[in-house]
Amino acid sequence: MDSYTITLGYVPTRRDMFPGQPAAAMNGKIRERINALCKRLGDIELVDIADVVEGGLLWSLNDVAPVVDYLRSKKVDAVFFPHCNFGQEEAVSKVAKALGKPVLLWGPRDPAPQGEDEFRVFDTQCGLFATSKILSRYSVPFTYLENCWLEDAVLDKGFDQFIRVASVVKSVRGMRVGVVGPRPRQFLSVQVNESELLEKFGIELPTIWTEEVSTVVKKLQKGMQSTIGAYLGVELPITVHDWKEGGEPDPRIAQRVQEFKDTLDCSRMPDDKLAIMATVEIAIEELARVNRLDAVAVDCWAYLACKYGIQACFILGDLIDRGLVAACETDIHAAITARMLQAAARGKSAPFIADLTCRHPTNDNAELLWHCGPFAKSLRKEGVKGSIRAGKGYYEIKGGDLTVARFDQISGDYLLFADQVAGCEGPVTNGNYIWVETGNWPAWEKKLMYGPYIHHLVGIHGSYAAVLKESCKYLKAVRHDSVSTVESL
């Protein structure tokens, strides 16, 4: 649910008519450099082909099938084809086509030629041009990093960005968004096409009945968490016939209430309401675990207010802080967007789902990103204590560079809006909020108004618009959109 480990296929390639020893030596240097980058970034498993190809470098068509089978068995999320000399474009393109994963194409700059009597033993850039052409012929999308020296910072940045792209693509394909309750009746803007999401992206929308949440809440209150197991076949009965009266509440409830109190001012919330908030939060976590959910989109208007007399806002933000994307107002597209941003940040920052609310009173290029209380508490602005009131978080969040995005659809056409903003100062208001400045708010307003977007945007701290743009290349059925010029990787 919150793992961002990327399994990267490392498939170095050489041209057989070039001397083998220099290519092998270059592969050793490249591998050492990539090992260091993987260690620095963390959560990257590198899978090479040394066990299936003699010498560990791809050059023969006879090696294509074994390499493909091996990398599939390792369930690689992406493939890196470093060119150790000119490379073998035919073998590379066939492996890439068969795997259907994000592809990174790069090779180091050649040493300077040593005169007219020397035969150059690399010509790496020349081979990269050849490979890029055949990948295009095979309709294989790829990410290319500038032909740079092995120690250049260009490689550090580009490799990091590509891993983030692979993380986004992995997060979308096969994503499972649990739909907890129906959308608010008036919210026609959050309607989605369930069958299209499955057909185009492999995104599944399992329904979680609100009664299931209530059942798990009751079990937690009775200390019966041991019955919450492998749902859909083994445990977690949704009837009440096996409940035992008089059990002690699950100890996690009190622990979580204490965490709320240690972090925020809870003086306006009765202890019994804090306890039910904690219990509902744990219940959603349990249902997400047993249903293998990556995100949830929750009816935050009616269910919890009617059933327990609490608002869902802070619960959703706290779930995000704990790794589970949780969208309010049953906004499934917002949940998908938030999961993509969470993946781009590789889990290092929490996304937040906000209303585009109103323009800044004095800064014509600034806008209020606000919601009634579902922003993760980890995002609070420095020096802000924050509070929980009526089940809602009350605190301004920190500024800095932010990426804002929205995955949305109209008439079968899917777009991913992704752009950059910066936090700025503005008037104090209620709930959760941040004022952000754009380069040209009137242009943003018209872009978002004409759609197919709505009043919800998703933000995250950091600069990932270029990562999201590159990710669209691999998702294929979605087009990138922005107001400002988002540079490619």
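Reader: How many salt bridges does a search of the whole structure find, and what makes a contact a salt bridge?

Author: The search finds 28 salt bridges in the whole structure, where the term stands for a side-chain nitrogen of Lys or Arg within 4 Å of a carboxyl oxygen of Asp or Glu. This is a predicted model, in which local features need pLDDT of at least 70 and side-chain atom pairs count only at pLDDT 80 or more, while totals for chains, interfaces and linings use all residues. Residues are numbered from 1 along each chain as its sequence is written, and side-chain values use heavy atoms, with hydrogens and water left out.

Reader: Why is the meeting of the side chains of Arg-252 and Glu-286 called a salt bridge?

Author: The N to O distance between Arg-252 and Glu-286 is 2.8 Å, and the definition asks for a distance within 4 Å, so the name applies. Because Arg-252 lies in helix 8 (residues 251-263) and Glu-286 in helix 9, the pair ties together parts that are 34 residues apart in sequence. Helices here are DSSP runs of H or I with at least four residues, strands are runs of E with at least two, and both are numbered from the N terminus.

Reader: How do you know whether Arg-252 and Glu-286 are buried or exposed?

Author: Buried means under 20% relative accessible area, exposed means over 50%, and partly exposed lies in between (1.4 Å probe, protein chains only). Glu-286 has a relative accessible area of 8%, so it is buried, whereas Arg-252, at 28%, counts as partly exposed.

Reader: How is the packing of helix 7 and helix 9 described?

Author: Two packed helices are described by the angle between their axes and the distance between the axes. Helix 7 (residues 210-221) and helix 9 (residues 271-290) pack at about 115°, with their axes 9 Å apart; axes are lines fitted to C-alpha atoms, for helices over the stretch in contact, and angles run from 0 to 180 degrees between N-to-C directions. Among the residues that meet are Val-213 and Leu-220 in helix 7 and Ile-276 and Glu-286 in helix 9, where contact means heavy atoms within 4.5 Å.

Reader: Which strands stand at the edges of the five-stranded sheet, and why?

Author: The sheet is open, with the order 2-1-3-4-5 and parallel pairing. Strand 2 (44-48) and strand 5 (143-144) each have a single partner strand, so one side of each is left without a neighbour in the sheet, and they stand at the edges.

Notes. Two strands pair if DSSP finds at least two bridges between them.
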